[in-house]
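I opened my notebook to record, entry by entry, what I looked up in this structure. I kept each term beside the place where I used it.

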Amino acid sequence: MISPTQISEGRGSQNSASFRETPLQIIHIIGNFMRIWSVYSMYRFLSQTGASVVLFIFSCLIPSSVIFLALQKPWKGRPLTNAQVVPSIINGGITALYFILWGKGLKSCGPVRAILAEYSGAVLGVLSALLYGWKGHIWKKVGGLIAMLTSFYFLSLGWATATSSPFSFKDILDTENRTERVLGMKEMAIPIFAGILSALRRVIARRVSLKNQLKRRLHAITTASATCFLFPVAMWDMIIGTSSEGSRQLPFSTWAYLSTILFGIILIFYVDSIAEERLHMVFSSPRHLMVAGGCIIVMEIVYKMDFSLPGFLICSIILGFGIFEATSLDRNRKGSQTPDLSNEILGDQIQMHSLPT
């Protein structure tokens with residue numbers, strides 16, 4: 001039998017562990033809030049000025065890659081092997097494509113749809129179940145996929161906007177930022193596919209780097225590679241834009257650029273790394289979605305957007321349920337693994353702990 005002393009010691013250790021995690025949770029919330037703030041700043045800048053998404057992202061990736069290289073110095077320390085560098089460079093191409101699609105989805109669909117669509121990467125959990133034949137959870141994962149698609153469909157119908165939500169009591173809402181409209185799943189497909197690419201690049205980064213310090217060094221290479229991949233696309237976009245509209249000065253917003261560089265690219269990488277390593281909270285998880293949802297509500301109110309709180313909560317709850325089911329693990333499997341099954345798509349023979357250490 002377990003003595004009362006052992007029970008009290010166990011409770012004490014749990015309380016001390018939760019107390020140690022509280023500052024990290026606060027950092028995670030603040031980091032995600034600043035990142036989402038940068039998304040709204042970027043959206044307002046792109047929608048008001050009509051600036052090119054590719055040029056904006058490219059101009060933000062240049063200083064970001066320089067900062068990452070200066071901080072991590074991948075050329076120092078233990079030499080990196082080709083098996084680590086080559087996948088990181090390829091991952092840079094995937095990252096560049098992700099930024100382009102996500103930026104275009106943000107400009108056309110609005111920040112709420114673009115941010116929530118990033119969690120579509122959880123569908124990789126369904127794909128992993130189909131590939132590895134986990135029959136015990138296949139129907140749960142299919143149900144989660146259906147719930148996620150239902151949530152995205154409701155978002156495309158404008159349930160999160162006061163002008164289109166069936167739960168809104170206002171017939172017409174004349175706001176300054178009434179730019180979001182009823183979309184179709186074709187328009188939503190762009191940010192959804194960007195979310196899948198985002199999950200794929202995280203999978204590759206985890207599988208290539210088993211150590212946290214190595215992961216940061218390789219991420220610097222990935223960001224620099226993404227900048228190089230975007231260079232010809234940005235130059236072509238600039239040439240086409242100049243020839244079609246004539247020579248004009250490119251719009252510039254200090255806060256939009258600085259917030260995207262510092263918070264949207266650099267800070268969020270380290271915050272998410274801390275959340276994975278210390279809090280065991282991956283991106284495609286209901287806990288992460290709950291934090292992002294709270295930040296979205298605050299920013300929608302502050303920016304006076306066309307926003308319906310009941311519709312947004314319903315879409316978020318359905319999406320969170322879909323993510324939970326799509327990333328659920330087989331409880332009978334031995335060993336602890338990360339709850340994000342999108343990580344398993346490339347980890348066929350590798351047995352890992354819950355997170356790389």
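Entry 1, burial. I call a residue buried when its relative accessible area is under 20%, exposed when it is over 50%, and partly exposed in between, using a 1.4 Å probe and protein chains only. With that rule I looked up R216, which is buried with a relative accessible area of 16%. I noted that this is a predicted model, in which local features need pLDDT of at least 70 and side-chain atom pairs count only at pLDDT 80 or more, while totals for chains, interfaces and linings use all residues. I also noted that residues are numbered from 1 along each chain as its sequence is written, and that side-chain values use heavy atoms, with hydrogens and water left out.

I count a salt bridge when a side-chain nitrogen of Lys or Arg is within 4 Å of a carboxyl oxygen of Asp or Glu. How many salt bridges does this rule give? The count comes to five.

I then looked up R35, which forms a salt bridge with E118, with 2.9 Å between the closest N and O atoms. R35 lies in helix α1 (residues 4-49) and E118 in the loop between α4 (111-117) and α5 (123-132), so this pair ties together parts that are 83 residues apart in sequence. Helices here are DSSP runs of H or I with at least four residues, numbered from the N terminus. Both R35 and E118 are buried.

My next pair was E325 and K140, a salt bridge whose closest N and O atoms are 3.9 Å apart. It links distant parts of the chain, since E325 is in helix α11 (residues 309-326) and K140 in helix α6 (residues 138-156), 185 residues apart. Are these two residues buried or partly exposed? E325 is buried, at 12% relative accessible area, whereas K140 is partly exposed, at 35%.

For R216 I found that its side chain meets that of E277 in a salt bridge, at 3.3 Å from N to O. R216 belongs to helix α8 (residues 212-245) and E277 to helix α9, and the two are 61 residues apart. I also wrote down that R206, K215 and E276 are linked in a network of salt bridges.

I located Y270 in helix α9 (residues 254-277). Which residues does Y270 touch, leaving aside its neighbours within four places in sequence? Taking contact as heavy atoms within 4.5 Å, I found F68, L71, Q72 and R216. Y270 and G31 are 239 residues apart in sequence, yet their C-alpha atoms are 9.0 Å apart in space.

The largest one has 78 residues, and Y40 and F56 have the most contacts inside it. As background, nonpolar side chains in soluble globular proteins tend to be buried together.

Methods:
Core = buried A, V, L, I, M, F, W, Y, C linked by side-chain atoms within 4.5 Å.
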